[in-house]
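Please look over the structure shown here before reading on.

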Amino acid sequence: MTLALAITLFVLGTAGAFVAGLLGVGGAIVMIPLLLYVPPLLGVGALDMKSVAGITMVQVFVAAISGMLAHRRGRAVHWPLVWIGGASMGCGSLAGALASKYTSQHFLLLIFALMATAATGLVAVRMESLELPIFAEHVRFSRPRAALVSLGVGLGAGLVGAGGAFLLVPLLVVVVGIPLRVTIGSSLGITALASAAGLAGKVITGQVPWALALTVAAGAVPGAQVGAYVSRRMPVRLLKAVLFVVVAATAIGTWWDLLRR
């Protein structure tokens, strides 16, 4: 790994984690395309999809923990939701990560494109619980519904090396009825637990290039803290708008790359 590549990966890790802390996603929704396209664009190297998936899983885990700790200070982490969602999503993520060993890179990219498209559609719909001004300890929700949603997201997320929170966040708001600010904080906790299981699957099957992954993760810690700080001070409808732009741009870019291949 050259110095230029190391600096690039550190900066990309910081940027991805900022989005994680800001929107409650692990950062994979931006990290995967950033890692795929930015290094070759800058002429510092190129990473294949399976290496990117392993690196991203490490980055997602670190960014989720850092962001969750920041949001907990604002009483935006719902612990029962974190444990139920994390356990369910973790089971799906582990199964998906193990299966990804035997899956083609083209199919992995297709799964990621479908997940990003679904997330775009969910963010675009009306969110009834968007602006409920309550803290996490006052939120009530359907536990079976939260578990089922988390399990399904985890399966797809484990396949592509993503934390899956870019899809989990709109699902928790639209399907489970969790207020957006509580969803953002809690989803980072869920992602931390789930990505730990997915990361274990990647490690067991030897899919993590550790030098590259730790360089990206080093940038994730401060990035997630700054993102969470900004998130707590941003109007909730602006948060939704930013989330829509991020997932829509990623979906369009991924489909463009997939169709060109």
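Predicted model: local features only at pLDDT ≥ 70, side-chain atom pairs only at ≥ 80, totals over all residues.

Author: Residues are numbered from 1 along each chain as its sequence is written, and side-chain values use heavy atoms, leaving out hydrogens and water.

Reader: Is L12 buried or exposed?

Author: Buried means under 20% relative accessible area, exposed over 50%, and partly exposed in between (1.4 Å probe, protein chains only). L12 has a relative accessible area of 8%. Therefore L12 is buried.

Reader: Which residues have the most contacts inside the largest nonpolar core?

Author: A nonpolar core is a set of buried Ala, Val, Leu, Ile, Met, Phe, Trp, Tyr and Cys residues joined through side-chain atoms within 4.5 Å. The largest one here has 71 residues. Those with the most contacts inside it are L23, V25, I29, L35, F166 and I178.

Reader: How are α8 and α10 oriented to each other?

Author: Helices (H or I, at least four residues) are DSSP runs, numbered from the N terminus. Axes are lines fitted to C-alpha atoms over the stretch in contact, with angles from 0 to 180 degrees between N-to-C directions; α8 (residues 180-204) and α10 (residues 236-260) pack at about 55°, with axes 10 Å apart. Angles under 35 degrees count as roughly parallel, over 145 as roughly antiparallel, 65 to 115 as roughly perpendicular and the rest as oblique. The two helices α8 and α10 are therefore oblique.
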